[in-house]
Amino acid sequence: MSDIFDILLSINFWNAALRISTPLIFGVIGALVCERAGVLNLGIEGIFTAGAMAGWMAVWLGAGLWGGVLVAALAGAFFGLIHAILTVPLGLSQHVSGIGVTLFATALSYFTYRTALPDVSSPPRIEAFKAIDVPGLSDLPIVGPILFQQTPMTILALVIVAVTAFVLYRTPLGLAIRAVGDNPSAVESQGLSVYGLRIGAVVVGSSLMALGGAFLTMSAFDAFFFGMVNGRGWICIALTVFASWKPGKALIGALLFGAFDAFQVRLQTEIGTIIPGQIFLMLPYILSIAALVLVARKADYPRALLVPYFRGQR
Amino acid sequence: MNANPNDAPLVLKLDKITKRFGALTANGDVSLDLRQGEILALLGENGAGKTTLMNILFGHYVADEGTVEVPGTDGSLQQLEPGSPNAALEAGIGMVHQHFTLAENLSALENILLGTEALTSFKSSRAKARQKLESLMERSGLSVDLNARISDLSVGEKQRVEILKALYRDARVLVLDEPTAVLTPQESESLFSTLQKLASEGLGIIFISHKLDEVLSASHRIAVLRGGRKVSDQPTEGCNKRQLAELMVGKTVPESNRDSKEAGAPLFVLQNVSTGQGRDAITNIDLELLSGEILGIAGVSGNGQGTLAKLISGLATPQSGSIVLNGAPLTTASARQMIDAGIARIPEDRHKDGIVGPMTVAENLAIETIRKPENHRFGFLKFGAIAERAREAITSYDIRCQGDKAPARLLSGGNIQKIVLARTLDASPVVVLAAQPSRGLDVGATADVHRRLLEARARGAGVILISEDLDELMRLSDRIAVIHRGVLSEPEKTESVDRGTLGLRMAGQSKEQAA
């Protein structure tokens with residue numbers, strides 16, 4: 001037992017938890033922005049892959065790290081725009097379009113990678129983001145090493161949560177986004193554009209998702225592998241429900257998942273000899289299902305989620 | 001009505017508006033004007049083109065011909081940009097739709113603010129908005145808790161938020177589409193007194209309705225639309241109900257009245273039936289329906305008649321008591337067994353329980369008899385026969401639709417009710433359960449429903465008519481019982497029932513108190 005407490009009390013553990021959570025934070029906030037406007041974006045898994053590939057390749061071609069972040073965001077926006085056009089003005093099934101975007105984005109990323117690097121045996125590495133010290137803050141006890149000895153992308157993720165919460169709840173734009181996800185005719189009758197708001201939200205949300213992917217190749221690792229997204233996008237979709245479409249709860253959900261992931265890695269080394277490692281690998285997923293079961297029934301769904309809007313139709 | 005503002009300036013002018021949907025002309029050459037401080041009632045049956053006209057005004061549709069004109073800054077009339085809700089809002093036209101356009105997850109204040117501030121702005125000045133609204137509410141008498149979430153508000157309160165939305169944008173013209181359809185009588189009354197007040201302050205108001213009483217009592221002028229054309233436009237003074245009804249329907253509405261006729265033997269008996277506790281529960285109900293009679297059940301919604309209807313249609317099972325049809329027990333029968341036994345159900349919520357919206361008219365007509373041999377062979381549906389019978393029903397019941405393959409959800413309420421009537425009554429049922437059969441229907445469709453119910457009675461069927469409408473009950477029923485808090489009174493001959501007393505008893509007074 002004391003081993004478990006040792007793990008939970010170590011600063012190292014919490015630092016890792018936040019690091020592991022970072023792509024999920026990007027992803028869940030992206031999914032939340034889309035869904036708040038009424039569009040489910042199941043393209044997320046593919047957009048993660050596209051962001052991971054595009055960001056990494058831009059850096060590898062010499063764009064610089066922040067240039068890579070920008071390219072990743074643009075790649076996400078591109079696939080988001082495809083999804084938005086199919087589902088918003090054309091009103092196609094959001095599920096089908098989303099799965100299609102995931103398949104397309106994933107395949108296109110792999111294809112581009114293979115075409116650009118036809119015969120490399122081990123993936124080329126880039127100089128990835130490094131943990132930075134924020135003068136003053138990093139020296140704070142406990143909080144310092146957890147929050148401020150991270151890579152810039154983790155800090156960016158936290159900033160984005162705050163900005164999203166501010167925009168959603170404090171600005172006229174956020175008000176319109178929340179309204180369009182609940183009752184688009186309320187938005188139209190007040191003279192705003194339903195399509196404009198929804199397409200905008202999906203494009204911005206998708207860029208955020210792509211940043212989650214970019215974190216994997218540019219911060220967590222320094223190379224692109226096939227299958228490296230590994231279901232993180234799907235987890236974000238579940239976390240959005242868990243968070244009841246609220247940015248603060250989304251952050252907590254992502255952190256919890258990250259913490260369990262970090263926990264299971266450490267637990268494996270502690271008592272992995274007795275219980276097979278796969279059990280620990282399952283742990284975060286089982287817990288996220290359990291959390292969903294507990295929370296989802298009371299979840300405050302955006303009422304117009306999945307419902308296409310056609311002008312002039314009652 | 002007095003103070004007819006005949007010489008006040010025009011605030012709105014619709015000039016020769018024509019709008020076609022395919023072969024259907026929804027509006028043909030309609031001209032309409034509105035003066036400052038005037039209340040104009042736009043009267044017409046469902047499908048007469050009232051809502052289309054208002055949607056053109058508000059920019060939801062673009063007219064094929066004709067223009068909408070509003071006074072510009074210099075006071076002269078100028079054409080409004082067609083197809084732009086934003087232009088309509090800018091021009092001071094506010095619209096309260098029949099189906100509210102409110103986001104339920106936001107507060108009243110947020111709904112009112114929506115779209116009034118630039119989307120690029122980084123802050124929202126709620127304090128100032130709140131101040132303006134407080135004074136608006138005081139002046140108009142429309143009080144709403146601005147912080148309340150819309151989903152927590154009652155229908156009447158939501159409507160007030162809608163009106164405030166328009167007033168907050170300094171509307172000069174307020175359009176209300178069937179504003180009383182969802183209100184209680186008290187709420188309607190208070191709405192109309194608010195509208196009077198707003199009009200006296202100079203707001204021009206158009207309200208759409210098909211209810212003659214309210215049109216006569218609350219407007220300065222009445223315009224009647226029929227089949228997409230304006231057939232009359234005159235001051236309310238000098239109009240009467242009969243004349244308006246004729247203008248609206250285009251022919252004298254034949255009022256169906258029941259002939260006197262001896263009822264037959266007991267047909268359908270509920271004995272000491274109770275369900276559990278809770279809202280809309282019923283306790284110890286005894287009911288004996290004779291063949292060839294219409295038994296009216298009067299009551300305010302939520303007093304147990306919903307549960308009673310569910311029991312009779314087999315959608316719920318009583319906790320105690322028995323249900324017997326012609327000597328055969330049906331206490332625990334399922335919905336299908338009830339239908340097979342000859343009990344027809346006209347459900348209260350026809351959109352939700354009466355039809356399957358995305359399915360076609362033909363499919364909806366066949367849905368209850370799908371297992372009958374005439375509808376299938378070797379387990380496969382006989383689409384030809386189903387369509388054939390649907391076309392017959394469309395003709396004989398005058399269901400206005402684009403054919404038997406049209407999705408049922410596209411039909412108007414009256415025509416949906418005709419589908420339900422055709423489906424249930426064509427099978428010559430022994431018992432007909434009609435729950436609020438004419439609620440929300442216009443004069444023509446209501447007359448149709450009444451005629452069909454009387455036909456069933458003449459045929460010898462027993463009809464249970466659950467309604468809140470005293471006129472309907474008094475005219476159709478042979479006997480009337482009152483349901484209040486789940487208790488059903490002893491039915492009485494309609495001739496011996498007094499209207500006023502009936503109203504009081506629906507409100508919960510005992511027979512002795514009410515008399």
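Reader: How many residues of chain A are in contact with chain B, and which helix gives the most to that side of chain A?

Author: In this predicted model, 22 residues of chain A are in contact with 26 residues of chain B. Both α8 (172–182) and α9 (184–189) of chain A supply at least two residues each to the side of chain A that touches chain B. With seven residues, the element that gives the most to this side is α8(A).

Reader: Turning to chain B, why is strand β9 (residues 221–226) largely enclosed by the rest of the structure?

Author: A residue counts as buried if 20 or more other C-beta atoms lie within 10 Å of its own. Strand β9 of chain B is largely enclosed because, of its six residues, the number that are buried is five.

Reader: In which sense does β3 (residues 39–43) of chain B pair with β9(B), and which residue is the bridge partner of B:A41?

Author: The pairing of β3(B) with β9(B) is in the parallel sense, over four bridges. Within β9(B), the bridge partner of B:A41 is B:I222.

Reader: Which residue takes a positive phi in the hairpin of β9(B) and β10(B)?

Author: Strand β10 (residues 229–235) of chain B runs antiparallel to β9(B), and six bridges join them, with B:D233 in β10(B) as the bridge partner of B:A223. The hairpin has two residues between the strands, and the residue with a positive phi near 55° is B:G227.

Definitions and conventions: Residues are numbered from 1 along each chain as its sequence is written. Chains are lettered from A and ligands numbered from 1 in the order in which they are written. This is a predicted model: local features need pLDDT of at least 70, side-chain atom pairs count only at pLDDT 80 or more; totals for chains, interfaces and linings use all residues. A residue is buried if 20 or more other C-beta atoms lie within 10 Å of its own, exposed if 12 or fewer, and partly exposed in between; C-beta atoms are placed from the backbone. Two strands pair if DSSP finds at least two bridges between them. Two residues are in contact if their C-beta atoms, placed from the backbone, lie within 7 Å.
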